[in-house]
Amino acid sequence: MKRYLVAGLCLVLVACHTASDEFTYLDTGDSQVAFYSEKKALNLIEYPNAHSGKFVYKLDSVNPYSGTFYMNVSRIFPEKPKKALLSAWVLSDKSNSNLNFILEVRDDHFNQKEWLSNNAMQKINKNNEWVYVEFEYDLLDNQRNAPENYLRAYLLNNSPNEIYVDDVEMRFY
Ligand SMILES: [Ca+2]
C-alpha cells in the first residue's frame with residue numbers, strides 16, 4: 001500500500017507527443033505519469049472501481065481540487081498552440097454535485113489574467129458511473145497562447161459531495 005502511495009504521489013511531468021501537431025499531458029493518478037504540480041496531491045486514493053489503474057482523485061470539501069497542470073506556454077508546444085482540451089473521467093451523484101473545469105491564464109509573475117470555468121454537471125448524465133467530460137479552450141482569444149504566459153488547469157468540486165476523478169488530460173493542438 002505504502003509503495004503504491006509513494007508511486008502515486010510522485011508527480012512527474014510526462015508529455016506524450018501523439019501527433020506532429022498535438023501534445024498530450026495525462027494524469028492517471030497512478031504512477032509516474034502525472035501532471036506537473038506545485039504541490040503534492042493529498043487526495044489521491046486507492047479506489048476499487050478506478051477508471052485506470054488503482055488510484056483516482058477524490059474531490060470533497062476538504063480537498064476539492066484535482067492535480068494541477070501548470071506550465072509555461074513556451075514549454076508546452078514547439079509552436080504556439082491554438083487550442084487546449086481539458087478532459088477527465090468523472091464519477092459522481094449527478095443530482096447533488098457541482099464540478100467545474102478550470103483554466104487559468106497567468107503572467108510570468110503569477111498574476112491571474114483570466115479564470116475560465118465550465119460547469120461539468122450538464123454533461124454528466126449518469127449517476128455513479130464513469131463519464132467522459134471535455135471542454136475546449138480557444139488559446140487565440142486574448143493572446144492566451146503568448147509564450148510568456150502560464151496555463152494552469154484543474155477540476156474543482158464546488159459541492160460538499162464526494163466526486164471521483166481519473167485520467168485528467170490536457171491536450172494542445
Ligand atoms: Ca487512475
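# A chat about the predicted model

Me: How far does the model score at least 70 in pLDDT, and what is the average?
Reply: The protein chain averages a pLDDT of 85. At least 70 is reached by 83% of the residues. Keep in mind that this is a predicted model.

Me: Where does pLDDT stay under 50?
Reply: Over residues 1-13. For that stretch the model has 21 contacts beyond four places in sequence.

Me: OK, the overall layout. How many helices and strands?
Reply: The protein chain has 2 helices and 11 strands. In sequence order the pattern reads α-β-β-β-β-β-α-β-β-β-β-β-β.

Me: And how much of the chain is buried?
Reply: Of the 173 residues, 35% are buried.

Me: What about contacts across the sequence, what share join residues at least 24 apart?
Reply: Take the contacts between residues at least 6 apart in sequence. Of these, 71% join residues at least 24 apart.

Me: Which way does β3 run against β4?
Reply: Antiparallel, with 3 bridges joining β4 to strand β3, residues 44-46. E46 stands opposite F55 in β4.

Me: And how does β4 pair with β11?
Reply: In the antiparallel sense too, over 3 bridges. There, K58 stands opposite Y164 in β11.

Me: Now the inside. What makes up the largest nonpolar core?
Reply: That core has 38 residues. The ones with the most contacts inside it are A84, V90, L151, L155 and V165. Elements giving two or more residues include β4, β6 (83-91), β10 and β11. The largest share, 6 residues, comes from β11.

Me: Why would nonpolar residues gather like that?
Reply: In soluble globular proteins, nonpolar side chains tend to be buried together.

Me: Back to V165. Which residues does V165 touch?
Reply: Leaving out residues up to four places away in sequence, V165 touches V56, Y57, L59, S66, A88, V90 and L155.

Me: New topic: L26. Where is L26?
Reply: In strand β2, residues 22-27.

Me: How far is L26 from E169?
Reply: Their C-alpha atoms are separated by 4.4 Å. Along the chain the two are 143 residues apart.

Me: And S159, where does S159 sit?
Reply: In the loop between β10 (150-157) and β11 (163-172). S159 counts as partly exposed because it has 17 C-beta neighbours inside 10 Å.

Me: Which residues does S159 touch?
Reply: N96, S97 and N98, not counting residues up to four places away in sequence. N98 is 61 residues from S159 along the chain, yet their C-alpha atoms are separated by 5.2 Å.

Me: Last one, phi angles. What is the phi of F110?
Reply: Positive, about 70 degrees, although F110 is not a glycine. Most residues other than glycine have a negative phi. F110 is found in the loop between β7 and β8 (112-119).

Me: Is F110 buried or exposed?
Reply: Exposed, because F110 has 9 C-beta neighbours inside 10 Å.

Me: What about N142, what is its phi?
Reply: Positive as well, about 55 degrees, and N142 is not a glycine. N142 is found in the loop between β9 and β10. With 12 other C-beta atoms within 10 Å, N142 is exposed.

Note on methods
Residues numbered from 1 in each chain as written. Predicted model: local features only at pLDDT ≥ 70, side-chain atom pairs only at ≥ 80, totals over all residues. Helix = DSSP H or I, 4+ residues; strand = E, 2+ residues; numbered from the N terminus. Buried ≥ 20, exposed ≤ 12 C-beta atoms within 10 Å, placed from the backbone. Contact = placed C-beta atoms within 7 Å. Pairing = 2+ DSSP bridges. Core = buried A, V, L, I, M, F, W, Y, C linked by C-beta atoms within 7 Å. pLDDT = per-residue confidence, 0-100.
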